[in-house]
Amino acid sequence: MSDDGFVPNADALLANNERYVEEFADHGLSLTPRRHLAIVACMDSRMDIFQMLGLAHGDAHVIRNAGGVVTDDVVRSLVLSQRLLGTREIILIHHTDCGLQRVSEDEFKTELENEFGIKPRWSLECFKDPYQDVRQSMSRLQRVPYLMDKAHIRGFVYEMADGLLHEVEPDQRHID
Ligand code: ZN
């Protein structure tokens, strides 16, 4: 236990894993996701991506970060996903009540700089409107030269209050 009373989870999770191994079955899954699908979503712990979409084990790549933002590293994973692992469709999922809506980029970075004496190089990618942010992410994907398949890119906002996905129309200026 830490001084502040926090009990780390890893040991309990390892015990869970031992039980998991007892019932482990090799499903014969392919390295290529069954649905040839890659999903980019916010890391928010309230969203169970597989459950909300009715996906099964082995169906899709799920790439998650704060906001579900299309960063260079997300692009890296998507390019690999398409070129080496056979995915052909990308679904973006952002959501209402996101942590990134509650912070200010400048204030957050200034705070870090004041505390640690160095400003982070990365962008926090804060946003106010999740719909606009999905649109921005779809536009970024359209600009990535290395993606083989851009014909099947769709974006959604997950409504925290009722679990419904709302589709976001892409910015037509960025569609080939
Ligand atoms: Zn979020």
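The lining of the largest pocket comprises, by class, eight nonpolar, five polar and two charged residues. The structure described here is a predicted model, and in it this largest pocket has a volume of about 260 Å³. A total of 15 residues line the largest pocket, and those closest to its centre are Ala66, Leu100, Ser123, Leu124 and Glu125.

Distant parts of the chain are linked by the pair of cysteine 42 and histidine 95, which are 53 residues apart; cysteine 42 belongs to strand S1 (residues 37-42), whereas histidine 95 belongs to strand S3 (residues 89-95). Cysteine 42 and histidine 95 are both buried.

A further histidine, histidine 166, is found in strand S5, which covers residues 165-168. Histidine 166 is counted as partly exposed because its relative accessibility is 28%, a value that falls between the limits of 20% for buried and 50% for exposed residues. When neighbours within four places in sequence are left aside, the residues in contact with histidine 166 are Tyr131, Gly155, Phe156, Val157 and Glu159. For one of these, phenylalanine 156, the C-alpha atom is separated by 5.3 Å from that of histidine 166, although the two residues stand ten residues apart along the chain.

With regard to the chain as a whole, the secondary structure consists of five helices and five strands, and these elements, read from the N terminus on, are arranged in the order α-β-α-β-α-β-α-α-β-β. The C-alpha trace of the chain spans about 55 × 45 × 35 Å along its principal axes. Of the contacts in the chain with a separation of 6 or more, 63% are accounted for by residues 24 or more positions apart. The chain contains 176 residues, of which 35% are buried, and it exposes about 11,600 Å², with carbon and sulfur atoms supplying 51% of this area.

Conventions: Residues numbered from 1 in each chain as written. Predicted model: local features only at pLDDT ≥ 70, side-chain atom pairs only at ≥ 80, totals over all residues. Heavy atoms only, no water. Helix = DSSP H or I, 4+ residues; strand = E, 2+ residues; numbered from the N terminus. Buried < 20%, exposed > 50% of the residue type's maximum accessible area, 1.4 Å probe, protein only. 1 Å grid on protein atoms, 1.4 Å probe; cavity = no way out; pocket = protein on both sides within 12 Å on 5 of 7 lines; lining within 4 Å. Points joined across faces, edges and corners; volume = space filled by probe spheres on them. Nonpolar A, V, L, I, M, F, W, Y, C, P; charged D, E, K, R; others polar. Contact = heavy atoms within 4.5 Å. Areas by Shrake-Rupley, 256 points an atom, 1.4 Å probe, with all protein chains shown as cover.
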